[in-house]
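Here are a few friendly notes to read with the model open beside you. Take them one point at a time.

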Amino acid sequence: EKPMAIDFDSNLPIYIQVMDYIKKEIVSGRLKPGDRVDSVRDLALHFGVNPNTVQRSLSELEREGLLKSERTAGRFISENEELIGLVREQMATSCISRYVKEMENLGYEGEEILAQTAYYVKERDNDNGEH
């Protein structure tokens, strides 16, 4: 099986990038609360990384409360939807913050950034044949 599509960024530890990938799968709802997580071995093959790296990512996600371990059954996605919502908000805020900084570097300010963004989303939706 081919490794999953993560373009690893050489400036960031791989375990953090694997964590972020799994977090996005959780907060987007692609991985559902209570879903069983693939084994460390399977994930390592999927991502094309060392099993120790995956183990570290999963342990960290467990520490954050997004995964829970059941001794014999394996790891599962947390059923704490409030926590998942909170993490989703934090990730969105961090995304928006990077975006706004970039736009400010281009010389845009508050209202202009909002207008550009609204225009972009509207055009994109039109291109997708939505109304």
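What should the 14 residues of helix 1 (residues 14-27) span at 1.5 Å a residue, and how far apart are its end C-alpha atoms?

1. This is a predicted model, where local features need pLDDT of at least 70, side-chain atom pairs count only at pLDDT 80 or more, and totals for chains, interfaces and linings use all residues. Residues are numbered from 1 along each chain as its sequence is written, and side-chain values use heavy atoms, with hydrogens and water left out.

2. Now for the opening question: helix 1 should span 20 Å, and its end C-alpha atoms are 20 Å apart, which agrees. The expected span is 1.5 Å times one less than the number of residues. Helices here are DSSP runs (H or I, at least four residues), and strands are runs of E, at least two, numbered from the N terminus.

3. Look next at Glu25, which lies in helix 1. At 17% relative accessibility, Glu25 counts as buried (under 20% relative accessible area, with a 1.4 Å probe and protein chains only). Leaving aside neighbours within four places in sequence, Glu25 is in contact (heavy atoms within 4.5 Å) with Arg30 and Leu31.

4. Other buried residues of helix 1 include Tyr15, Val18 and Ile22. The partners that the buried residues of helix 1 pack against include helix 2 (40-47), helix 3 (51-63) and helix 4. After helix 1 comes Gly29, with a positive phi near 85°.

5. Finally, find where Tyr99, Val100, Met103 and Glu104 of helix 4 meet Ile113, Gln116 and Thr117 of helix 5. By type, the residues of this contact are four nonpolar, two polar and one charged (nonpolar: Ala, Val, Leu, Ile, Met, Phe, Trp, Tyr, Cys and Pro; charged: Asp, Glu, Lys and Arg; polar: the others, Gly among them).

Note on methods
Buried < 20%, exposed > 50% of the residue type's maximum accessible area, 1.4 Å probe, protein only.
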